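Hello,

I am passing on a structure that you have not worked with before. Please open it first, and then read on for what turned up in it.

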Amino acid sequence: MTIPKVLTIAGSDTSGGAGIQADLKTFQELNVYGMTALTCVVTMDPQLWSHNVTPMSAELLESQLDTVLNGIGVTSAKTGMLSTVEIIDAVARKIEERPLEHFVVDPVMVCKGENEVLNPDTAEAILEKLVPKATVVTPNLFEASQLAKTAPIRTVEDMKNAAVKIHELGAKHVVIKGGGKLLHEKAVDLIYDGQDFELLESDRIETNYIHGAGCTFSAAITAELAKGADVRTAVKHAKAFVTAAIRHGFPINSFVGPTLHAAQRLYRD
Ligand SMILES: Nc1ncnc2c1ncn2[C@@H]1O[C@H](COP(=O)(O)OP(=O)(O)O)[C@@H](O)[C@H]1O
Ligand SMILES: Cc1ncc(COP(=O)(O)O)c(C=O)c1O
Ligand SMILES: [Mg+2]
């Protein structure tokens with residue numbers, strides 16, 4: 001049996017719902033073989049749940065990328081939290097050395113519940129160095145406004161304008177996640193390929209347990225691409241996967257609730 005091999009280049013969410021943990025759980029659910037290049041470790045204050053990000057050195061990240069890209073090989077890879085400009089540079093260099101069939105860039109700039117960009121320099125580096133190499137880029141509304149350098153995005157029309165600008169940066173497909181924050185009754189995501197817009201709508205679930213939803217969504221896209229789906233089909237399967245995961249999200253303490261990565265398997269949603 002051959003199983004597609006995939007890589008996530010992302011941070012560790014110690015609480016298990018987002019980051020590299022969400023990616024690996026999603027890969028496992030979707031029948032691909034997951035590998036990792038760790039960029040940083042995120043820990044939380046047990047009393048306040050404020051986040052602390054400790055980056056890896058760029059050298060250590062490069063060694064991990066060499067192991068996987070040069071020593072094994074993958075069909076698709078994704079990025080998540082990258083934390084420093086040096087790490088983003090290292091990722092860009094390694095991907096240039098060994099271009100991938102599919103490269104999904106999830107331009108993580110914020111953690112849910114936190115409003116500040118983790119590091120403003122990284123937003124600019126992601127835009128310049130990684131977005132042009134992306135098969136698919138998957139910003140949430142905040143990240144899309146940062147990449148497109150627009151005012152806050154509130155409507156589907158705003159999403160379309162931002163998608164055009166992000167496509168001009170060089171990404172082949174732009175997927176903007178409206179999620180629960182758009183002025184819309186549904187949870188709407190937008191796909192743009194430089195020609196056509198397609199809106200994906202799902203029921204908007206009333207819940208606070210959506211920690212890691214974006215990581216789960218981009219990991220599912222990466223897995224589906226590795227299995228041979230075209231981008232639109234991959235995004236649609238990923239949307240169904242994350243919607244089920246959100247529907248069965250649950251609290252792990254009084255601060256945070258992740259999505260349930262196993263939801264499709266356990267509940268046949
Ligand atoms: N309340 C919700 N109900 C249904 N789907 C949602 C909800 N919130 C987010 N989503 C979906 O989850 C996926 C991740 O989006 P989002 O939570 O905005 O990303 P991020 O975690 O990167 O901020 C998208 O497909 C989005 O539409
Ligand atoms: C390591 C890591 N990556 C990514 C994220 C972003 O998660 P989300 O999928 O909710 O956007 C977080 C949020 O806490 C994180 O800790
Ligand atoms: Mg995100």
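One definition to begin with: a residue is called buried under 20% relative accessible area, exposed over 50%, and partly exposed in between (1.4 Å probe, protein chains only). This is a predicted model, in which local features need pLDDT of at least 70 and side-chain atom pairs count only at pLDDT 80 or more, while totals for chains, interfaces and linings use all residues. Residues are numbered from 1 along each chain as its sequence is written, chains are lettered from A and ligands numbered from 1 in the order in which they are written, and side-chain values use heavy atoms, with hydrogens and water left out.

Let me start with the charged pairs. Side chains of opposite charge can pair when their charged atoms come close. A salt bridge here is a side-chain nitrogen of Lys or Arg within 4 Å of a carboxyl oxygen of Asp or Glu. Searching the whole structure gives 16 salt bridges. One of them joins the side chains of Lys-149 and Glu-124, at 3.0 Å from N to O. This pair links distant parts of the chain, 25 residues apart: Lys-149 is in the loop between helix H5 (141-148) and helix H6 (156-168), and Glu-124 is in helix H4 (residues 120-130). Helices (H or I, at least four residues) and strands (E, at least two) are DSSP runs, numbered from the N terminus. Lys-149 is exposed, at 54% relative accessible area, whereas Glu-124 is partly exposed at 33%.

Arg-232 is partly exposed, with 23% relative accessibility. Glu-198 also forms a salt bridge with Lys-236, at 2.9 Å from N to O. Lys-236 lies in helix H8 and Glu-198 in strand E9, so this pair ties together parts 38 residues apart in sequence. Lys-236 is partly exposed at 38% relative accessibility. Elsewhere, a network of salt bridges links Glu-62, Asp-66, Arg-93, Lys-94 and Glu-97.

H3 (residues 85-97) has 13 residues and reaches 18 Å from its first C-alpha to its last, close to the expected 18 Å; the expected span is 1.5 Å times one less than the number of residues. Its buried residues include Ile-87, Val-91 and Ile-95. The buried residues of H3 pack against strand E1 (5-13), strand E2 (33-44), helix H2 (58-71), strand E4 (76-79), strand E5 (102-105) and H4. H2, with 14 residues, should span 20 Å, and its end C-alpha atoms are 19 Å apart, which agrees. Among the buried residues of H2 are Leu-61, Glu-62 and Leu-65, and the buried residues of this helix pack against E1, E2 and H3. Just after H2, Gly-73 takes a positive phi of about 100 degrees.

What about the interior? A nonpolar core is a set of buried Ala, Val, Leu, Ile, Met, Phe, Trp, Tyr and Cys residues joined through side-chain atoms within 4.5 Å. The largest such core has 46 residues, and those with the most contacts inside it are Leu-7, Val-91, Val-137, Ile-166 and Ile-176. H3 gives the largest share of this core, six residues. Apart from it lies another core, of 25 residues, among them Val-175, Ile-191, Phe-217 and Ile-246.

Ser-83 is found in the loop between E4 and H3 and is buried, at 15% relative accessible area. Not counting residues up to four places away in sequence, Ser-83 is in contact (heavy atoms within 4.5 Å) with residues including Thr-39, Cys-40 and Asn-119. Ser-202 sits in strand E9 and is buried, with 13% relative accessible area. Leaving aside neighbours within four places in sequence, Ser-202 touches Lys-186, Ala-187, Lys-239 and Thr-243.

Best wishes
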